Amino acid sequence: MTVVKRPHGGRTRGWAGVVTARPRLTLLLVLLLTALAVVAGRGVADRLGSGGWQDPAAESAYATKALEKHFPASQPNLLLLVDSGTTTVDAPEVAAEGRALARKLAGEASVTGVTSYWDGAATLRDRDGREALIAARIVGDESAAAKVLDRIAPAYRGDHGPVKVTIGGPVAVRHELQTTIQEDLLWAEMIALPITLLLLVMVFGSAVAALLPLGVGIIAILGTDAVLRGLTEFTDVSVFAQNLTTALGLGLAIDYALFIVRRFREELGQGAGTLPAIAATLRTAGRTVLFSAMTVAVSLAAMLVFPQYFLRSFAYAGIAVVSIAAAAALVVLPAALALLGQRVNALDLTRLFRRGRPARGEPGAGWGRLARLVMRRAPLFALATTAGLVVLGLPFLRVEFGTADDRQLPASAESHVVQQHIRENFPGSPGGAIDILIDSRPGSRLDQASLADYSGKVSALPGVERVDSPAGQFAGGRRVAEPGPAQAARAADGAAYVTVLAKGEVVDQASQQLVRDIRAQHPPFTASVTGIAAVLVDSKDSIADRLPWALAIIVVVTLLLVFLLTGSVLIPLQAVVLNALSLTAMFGAVVWVFQEGHLSGPLSFTSTGDIETTLPVLMFCVAFGLSMDYGVFLLSRIKEEYDRTGDHRAAVEFGVRRTGGLITAAAVILAVVMVAIGTSRVTNTKMLGFGIALAVLMDAMVVRSLLVPAVMRMTGRATWWAPGPLRRLHARIGLSEGESAGPATGTGTDTSADPEAPEGADRTPLAAGRPGVVNRSA
């Protein structure tokens, strides 16, 4: 046994020496950069979009843009719902007011394609004759359209003589989504920050230590807002990404700061001076934080393979917030700790609650007992835990994918009310039809006969109620009305469009199949299908096409990083499988709660009967990254102890004992932040918040506490096996934490003759013969 004495002072080298050489200057520079970030990120919310679910390269996207350009009346994004009260919309005074409103709207700048029921569009009247619609298109991108809506809405909303007008349509839905998310995010921060601070005080005892993680989180959030603001100059960014910025900014910054500050206090408690304690902390916990940040960033970066800017936005925000949180933890915390020293334990606010109570035993003793219990009954715990997680995930087998719409908003939101009226009372779901852009092929031209033949065939397809085309109206395979002025407007400049009204819901399975059936036709011209159902079909196909690449990136890079950390072949495979298993409860709950509507009353949302297509991908990437975050924390301590002693079982127990409370505290704090995000009135944000909160709690309290020690006990010392070439590779490029140079606390254990090691396995402790590793006592 070799006892290593710690110095109590002196200079430190490496990164610790850089950040602690002039700690006040370091903190001043960080404060200056944070102030610049506040200025740079100002107004970022106003530049974020609320769409991004569509694949811009898909057939539906092309058709939508072409229709917007050539036939703006075919793509209305603004709907005025005109309510005539007790009379009918055909009453003279109501009709006069309706026409006047339509003329006024047509005169507004940036508004085109205005049409109304009183202009002959019969589908724009409800079944009872009490309500009618004025449809129009606001031109420009999302930001420009929102500004136009803000400008013109007050002149139309409210009472106008015999009618009352409310505003709906996609542009109104997007605008309300953006406004609601911004308001809810502010409310979530007001909830999360004080509760987080209280939990940190309970974890650390010291108010000074508790403020450090919160400071790192605030730096990460403000820095990421500045990054997102810069990105909006070059690409579209979703407003939903701000929710991830807040959640991960606080959650990961607190995780990293918890790990570093806790390790620093451990080093101080074992007799080290301030600077040596910082150096040891950065060699150990600092490297773990760096590994963790890389694994989380990789999981989030995988969303860059998808074309939808909704998903890509979360990759932008996630990579930025993880990087800034890790950088702040590795720069700000060492500098602050160098100034604080022992004062990091000052202002112990919990001592009043400890008066009269017996002194606490060894830290983590309860987690140690749990680890020993689990390892004594490892097969039982492994089987029971795995079975329980699989059962919780079974509802996901019933998942139905859909698209985001107004029902994300609260039931009282104006645009939601308008769209619900349209769904329930208007025939053919205005705004939800399937549109077909028709282009003449080179060397050919459009003619009435070919358009009539095509329209008739489409109208005969299952699930079609009516087809409107330049050749007239068709139903059941035959023409039911001759073309008139409205139909003539559907053709111009060698192009035309056909509108298909489906019998069922806008995006149900029948409507999606109808899109596929239409695309299976072979007309003598080019036909491009769009509409909400077509966008959903294209989005699902796009995600299915790129999902294997995203999963491959996550799995391959995770395997590589965990191998570099541990030098083992088996541990990376265990990490990937167990992390994926930890997400089953989240996916099962998403379907059971949000798709099937259980708990919709207490959680205050409207179930649409499906899950927005991109949400499971987003939740998987975020939750898998956070799961790896906790996995790296646990594995790093197990690896550190195993390198030091070579005792596999003792190393697993040590890792659980030292990190169990820390990981659980970090998970609870992150869950609080996510639940605060989940209080949003927007259903997708609610789903994201509550789903990831459940995932991190299951990972910390079930997988890390029960399943990981059970599986590692069953695999024994084979856990650490690697073939000779890979062992030599790891010896050269591995990034393990290395020796912490801590004091002697026990006796090393020779397990070279461990009877549980499989025959042929390498029985030499990995610590043996490695330079710089001292075999010390536990």
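**Close-up views of a predicted model**

View 1. Asp-46 touches Ser-143, Gln-178 and Gln-182, where residues up to four places away in sequence are not counted and contact means heavy atoms within 4.5 Å. Asp-46 is exposed, with a relative accessible area of 55%; buried means under 20% relative accessible area, exposed over 50%, and partly exposed in between (1.4 Å probe, protein chains only). Between the C-alpha atoms of Asp-46 and Val-239 the distance is 8.7 Å, although the two are 193 residues apart in sequence. The model is a predicted one, in which local features need pLDDT of at least 70 and side-chain atom pairs count only at pLDDT 80 or more, while totals for chains, interfaces and linings use all residues. Residues are numbered from 1 along each chain as its sequence is written, and side-chain values use heavy atoms, with hydrogens and water left out.

**View 2. Ser-84 in the loop between strand E1 (78–83) and helix H4 (92–106).** Helices (H or I, at least four residues) and strands (E, at least two) are DSSP runs, numbered from the N terminus. Ser-84 is buried, with a relative accessible area of 4%. A polar atom of the Ser-84 side chain lies 2.9 Å from the backbone oxygen of Thr-87. Apart from neighbours within four places in sequence, Ser-84 is in contact with Val-89, Val-94, Gly-129, Arg-130, Pro-162 and Val-163.

**View 3. Ser-705 within helix H24 (residues 683–715).** Ser-705 is buried, its relative accessible area being 4%. The Ser-705 side chain reaches the backbone oxygen of Ala-700 at 3.0 Å. Not counting residues up to four places away in sequence, Ser-705 touches Trp-367, Leu-370, Val-374 and Ala-700.

**View 4. Packing of helix H12 (residues 365–376) with H24.** Two packed helices are described by the angle between their axes and the distance between the axes. For H12 and H24, the angle is about 50° and the axes are 8 Å apart; axes are lines fitted to C-alpha atoms, for helices over the stretch in contact, and angles run from 0 to 180 degrees between N-to-C directions. H12 is therefore oblique to H24, given that angles under 35 degrees count as roughly parallel, over 145 as roughly antiparallel, 65 to 115 as roughly perpendicular and the rest as oblique. The contact involves Trp-367, Leu-370, Val-374 and Met-375 of H12 together with Ser-705, Leu-706, Pro-709, Ala-710 and Arg-713 of H24. By class, seven residues of this contact of H12 with H24 are nonpolar, one is polar and one is charged (Ala, Val, Leu, Ile, Met, Phe, Trp, Tyr, Cys and Pro count as nonpolar, Asp, Glu, Lys and Arg as charged, and the others, Gly among them, as polar).

**View 5. Crossing of helix H2 (residues 23–40) and helix H10 (residues 309–340).** The axes of H2 and H10 come within 9 Å and cross at roughly 140°, and the two helices are therefore oblique to each other. From H2, Pro-23, Arg-24, Thr-26, Leu-27 and Val-30 meet Val-331, Val-332, Ala-335, Ala-336, Ala-338 and Leu-339 of H10. The contact of H2 with H10 divides into nine nonpolar residues, one polar and one charged.

Terms used: Polar contact = N/O pair within 3.5 Å; in protein donor to acceptor, adjacent residues only side chain to side chain.
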